[in-house]
Amino acid sequence: QVQLVESGGGLVQAGGSLRLSCATSGTSLKINFMGWYRQAPGKQRELVARITSSGSTNYADSVKGRFTISRDNAKNTVYLQMSSLKPEDTAVYYCNADGRSGLLPFNTWGQGTQVTVSS
């Protein structure tokens with residue numbers, strides 16, 4: 001079984017910063033890529049940032065220059081450093097991981113963490 005647990009969400013004022021973490025637990029993990037998605041009320045879930053095991057990244061246009069995704073392969077953990085936060089960043093943020101546990105492929109989602117940015 002593979003599980004993802006997000007942490008670091010909370011309430012922050014516009015212009016502030018927040019750092020999200022996502023830890024993946026399981027046996028003999030080999031991560032292909034991990035990403036952060038978000039979903040605001042009444043909107044579809046959207047990709048925020050993604051990173052491969054080799055370090056390649058891509059970002060949504062709306063967060064480029066403000067958010068940074070990084071990873072610690074040894075800990076199977078991905079981070080999202082969010083700076084210059086805006087009220088429109090308010091959403092539930094979900095972590096996603098794709099890889100293998102031993103020889104078994106998986107694609108697993110975390111439970112989500114709330115980020116609220118006040119104006």
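Visitor: What is the bridge partner of N96 in β10?
Guide: The bridge partner of N96 in β10 is W109. Strands are DSSP runs of E with at least two residues, numbered from the N terminus. This is a predicted model, in which local features need pLDDT of at least 70, side-chain atom pairs count only at pLDDT 80 or more, and totals for chains, interfaces and linings use all residues. Residues are numbered from 1 along each chain as its sequence is written, and side-chain values use heavy atoms, with hydrogens and water left out.
Visitor: How many bridges pair β9 and β10?
Guide: Six, in the antiparallel sense; two strands count as paired if DSSP finds at least two bridges between them. Two residues lie between the strands of this hairpin, where G102 takes a positive phi near 65°.
Visitor: Which residue in β9 is the bridge partner of K30?
Guide: That residue is R100. Strand β4 (residues 29–39) pairs with β9 in the antiparallel sense over 10 bridges. β9 also runs antiparallel to strand β11 (residues 113–118), with three bridges, and A91 stands opposite V115 in β11.
Visitor: Is β9 mostly covered or exposed?
Guide: Strand β9 (residues 91–101) is mostly covered, with nine of its 11 residues buried; buried means under 20% relative accessible area, exposed over 50% and partly exposed in between (1.4 Å probe, protein chains only).
Visitor: On another topic, how many helices and strands does the protein chain have?
Guide: The protein chain has zero helices and 11 strands. Its C-alpha trace spans about 45 × 25 × 20 Å along the principal axes.

Terms used: Helices (H or I, at least four residues) and strands (E, at least two) are DSSP runs, numbered from the N terminus.
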